[in-house]
Amino acid sequence: MKHTVLGSSFVPRKFYPRGAHFEPALEDEKLYIERLLIEEYSPTDMGNFELQETEAYTIKVSKDGHASIKIASPLGGLHALETFAQLFFAHSSTSSGSYTPYAPLVIKDGPTFEHRGLNLDIARNWVSPADVMRTIEAMAASKLNKLHLHATDAQSWPIEIPALPDLAMKGTYSQEQIWRTEDLEAVQLHGAYYGVEVFIEIDLPGHTTSIGNAYPHLVTAKDVPWPEYALEPPSGQLRLNSSEVPPFIESLLQDLLTRTSRYSSLFHLGGDELNLNAYLLDPTVKSSSHQVLQPLVQAFISHVISVAATHSLTVIMWEEIVLDWNLTLPSNVVIQTWRGSEDNALGTILNRGYKTIFGSNTHWYLDCGHGYFVDPELSNPDSPIKPPYEDYCSPYKNWRHIYAYDPVVGIPQSQRYLILGGEVHLWGELTDTVNLDGMLWPRVSAAAEVLWSNPGKKPDEGTTRRLADMRERLLMRGVGAGVVQMEWCLRYSGGCRL
């Protein structure tokens, strides 16, 4: 922490008019903070925090330079130290160290939601473990605490499974694009150091074409024209009535979850976007009837949940499992909603009594507005890929739109205890290691503020300046965050309001 505060190189000159004197004069009398006292208390001694008391903290800096932090847990300590570091700026005179313009001060803080996450797709394009570690550090700066790795998909299986070595060897794009077991452990451990719980999604039984590269007998509708059998190429899903699939699932999950459960109590099994037509080609089913498929999907999902339960894991799954398939599920599962607010997915899930995580594609899909990955077939006059070549969830979700998202509007107070929190999503069709940072930041920080404080606020100039400050601090940490605001507007407060 001493290095973080004293080593800051953030001189906030772009937040003041040119030529303004915004720093303490070097000849002024200086008062130094010589030590920082950190005390841990029980949550009941921390004051009246309504939610998530264990992550709460209080910071005090007195007029005479005494600084103290009170916390209810080590996680609260990490948040408090992050806030404390963000109170300081570097002096433009390089020999003068850091200063804070805010003392004396008292900050009493705690989060609204316990699950404050980012869903990051590392399957469709290569995203390295180093990229994810950098992302974790940026998440901690914004007080996010859950990193959901969408680890596998139809296109690629980059995760090494020693019990099933051919999965990654044959399922990834290249041998250089494999997350080895030590890579995954290093990322989870890095998350633990920064207070970010890293958990894995293995999307099942759909989005599993890459399994067929190693085990073709387990997958149906592989190597057929994809538009009729999948939302994205290539098509292929696990067979639902094959006696060979359950032991494969057990081998896969026993290997993976034995390792990941050391660092996370969560496992995401996916369960979304199952294509019914694919099962017309499944020799164990030969039907696309929802009535025929429903009990098979029920048996499959129940089996996955039972395996996860042997590792004492809480299972998360996408909303389709409830809304489209109406499965019978244990009461402790968590349902993640994603479809737009007009579908009222969140309200419907809550009415059924499930704990939920929100993150609507109308507000929190970071990949939207960048265009489709599908090329137009010029010989097809009816091709849906046509000017202006928008993707299905356009337009682009700018940071103000993300900040203005109010997921709990219209939700009765009596049901809000079931809402664990939310995740902002970056699907990876058009993202890789090169443009990752700019796709995430600073928009993820806008979502983080919604998750930490009460949602439903409208962005204003204060929001802009806070986010621009965070952007500068992320840049100092080596994160390639995008621009929040034109510099003139930051320098001349009030000059860009209408």
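Mentor: The largest pocket has a volume of about 1,400 Å³. A pocket here is an open set of points on a 1 Å grid over the protein atoms alone, with protein on both sides within 12 Å along at least five of seven lines; a cavity is a set of points where a 1.4 Å probe fits but cannot get out, and lining residues have an atom within 4 Å of a point. Grid points are joined across faces, edges and corners, and a volume is the space filled by probe spheres set on the points. The model is predicted, so local features need pLDDT of at least 70 and side-chain atom pairs count only at pLDDT 80 or more, while totals for chains, interfaces and linings use all residues. Residues are numbered from 1 along each chain as its sequence is written, and side-chain values use heavy atoms, leaving out hydrogens and water.

The largest pocket is lined by 46 residues, and those closest to its centre are Asp109, Glu449, Trp452, Ser453 and Arg466. At least two lining residues come from each of β6 (105–109), β16 (419–426), α13 (443–452) and α14 (461–476). Helices (H or I, at least four residues) and strands (E, at least two) are DSSP runs, numbered from the N terminus. The largest share of the lining, six residues, is supplied by α14.

Contact means heavy atoms within 4.5 Å. His79 is buried, with a relative accessible area of 4%. Buried means under 20% relative accessible area, exposed means over 50%, and partly exposed lies in between (1.4 Å probe, protein chains only).

The largest cavity holds about 140 Å³. Of its 15 lining residues, Ala154, His207, Ala230, Leu231 and Glu232 are the closest to its centre.

Next comes helix α5 (residues 181–193). Its 13 residues should span 18 Å at 1.5 Å a residue, and its end C-alpha atoms are 19 Å apart, which agrees; the expected span is 1.5 Å times one less than the number of residues. Leu184, Val187, Gln188, His190 and Gly191 are the buried residues of α5. Seen down the axis of α5, they fall within an arc of 155°, so they line one face of the helix. The arc is that of the directions from the helix axis to the C-beta atoms. The cover over these buried residues includes α3 (129–141), β9 (197–201) and α7 (245–260). After α5 comes Gly195, whose phi is positive, near 75°.

Ile178 sits in the loop between α4 (166–171) and α5. Ile178 is buried, with a relative accessible area of 6%. Leaving aside residues up to four places away in sequence, Ile178 touches Trp126, Pro158, Glu160, Ala168, Met169, Thr172 and Asp183. Trp126 is 52 residues from Ile178 along the chain, and their C-alpha atoms are separated by 8.9 Å.

Glu320 belongs to helix α9 (residues 320–323) and is buried, with a relative accessible area of 4%. Beyond residues up to four places away in sequence, Glu320 touches Gly271, Asp272, Glu273, Trp325, Trp338 and Arg339.

The last topic is the covalent links. A disulfide is a covalent bond between the sulfur atoms of two cysteines; here a pair counts when the sulfur atoms are within 2.5 Å. The structure holds two disulfides. Cys368 is joined to Cys393, with an S to S distance of 2.0 Å. Both cysteines lie in the loop between β15 (355–358) and α11 (399–403), so the pair ties together parts that are 25 residues apart in sequence. Cys368 and Cys393 are both buried, and their link is left-handed, with -105° about the S-S bond.

The other disulfide is formed by Cys489 and Cys496, whose sulfur atoms are 2.0 Å apart. This link of Cys489 and Cys496 is left-handed, with -75° about the S-S bond. Cys489 is buried, with a relative accessible area of 7%, whereas Cys496 is partly exposed, at 37%. With the bonded cysteines numbered in sequence order, the pairing is 1-2, 3-4.
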